[in-house]
Amino acid sequence: MTRPILRIALCACAPLWLGASAHAAAGADAAVRTAAPAPAAAATALDRYLDGLTTLRTKFSQRVVDAAGKLLEQGQGSLLVRRPGRFRWEYTPDDAGAQLLVADGANLWFYDRELQQATVKPAAAALTATPVMLLSGSAAELRSAFTVVAAGERDSLEWVKVTPRSAAAEFASAELGFRNGQLARLVIHDRLNQTDTLEFSDSARGARVSDAELRFSPPAGVDVIGTPQPLPAAP
């Protein structure tokens, strides 16, 4: 089974986030080439949520089920976002070691502490048309990579459905549920007929997110796959 952390944040990074594919970067690059200009669209709860959002600090619980509803994995984690394009995603499955994904503005790092292995890809290619862009990308990137439509109300939440414009994306669709204007739930339907559901808690918009939290340096002795790009100069 593809590691859910990778599917959720990327659904298209190798070794997913590495389990999914060694050709994820190629798929993401195809998404860049095929993304079409987005037409003007009515504002949704997602647009309103992202309006003025600069940073986000939140916790989440995650459940992954197959097409028959069988539980495949569950765990807990945290997400930090600094828009545009930077985030830190930490996740610990109930039955495995902690995993870390960091986008530092130039690179996308995936670190598996249990395997003592880090993989790095250029962020510009790896993050196109992936679920994490829904929160970390710019408004222009969002509309270019996805169709975004209001999806009504259920379970006391206001829903928005997003669908990748590119067939290269490794997830089929996602739904975001909002309560009183705040993101409460993210449901991702992948192309393996599995569903990842994240429930968010303790969310803080505008929270302080330090530069150090959005960088990654491989610990001594860790096997590194790939070559990191230089970080952009500080403004």
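## Nonpolar cores

In this predicted model, the largest nonpolar core holds 39 residues, of which Leu-46, Phe-87, Phe-146 and Val-162 touch the most other members. A nonpolar core is a set of buried Ala, Val, Leu, Ile, Met, Phe, Trp, Tyr and Cys residues joined through side-chain atoms within 4.5 Å; buried denotes under 20% relative accessible area, exposed over 50%, and partly exposed the range in between (1.4 Å probe, protein chains only). Another core, of eight residues, lies apart from the largest one and includes Val-102, Val-120, Phe-216 and Val-222.

Neighbours within four places in sequence aside, Phe-87 is in contact (heavy atoms within 4.5 Å) with residues including Leu-79, Leu-101, Leu-127 and Leu-214.

## Strand pairing

Strands are DSSP runs of E, at least two residues, numbered from the N terminus, and two of them pair if DSSP finds at least two bridges between them. Strand β1 (residues 55-65) runs antiparallel to strand β2 (residues 71-82), joined by eleven bridges; Ser-61 has Gln-76 in β2 as its bridge partner. The two strands form a hairpin with five residues between them, and Gly-69 in the turn has a positive phi of about 85°.

β1 also pairs with strand β11 (residues 195-205) in the antiparallel sense, over nine bridges. Here Leu-56 stands opposite Arg-205.

## Glu-73

Glu-73 belongs to strand β2 and is buried, at a relative accessible area of 13%. Its side chain makes a polar contact of 2.9 Å with that of Tyr-91. Such a contact is a pair of N or O atoms within 3.5 Å; within protein, one must be able to donate a hydrogen and the other to accept it, and residues adjacent in sequence count only if both atoms are side-chain atoms.

## Basis of the values

Residues are numbered from 1 along each chain as its sequence is written, and side-chain values use heavy atoms, leaving out hydrogens and water. Local features need pLDDT of at least 70 and side-chain atom pairs count only at pLDDT 80 or more, whereas totals for chains, interfaces and linings use all residues.

Conventions. Helix = DSSP H or I, 4+ residues; strand = E, 2+ residues; numbered from the N terminus.
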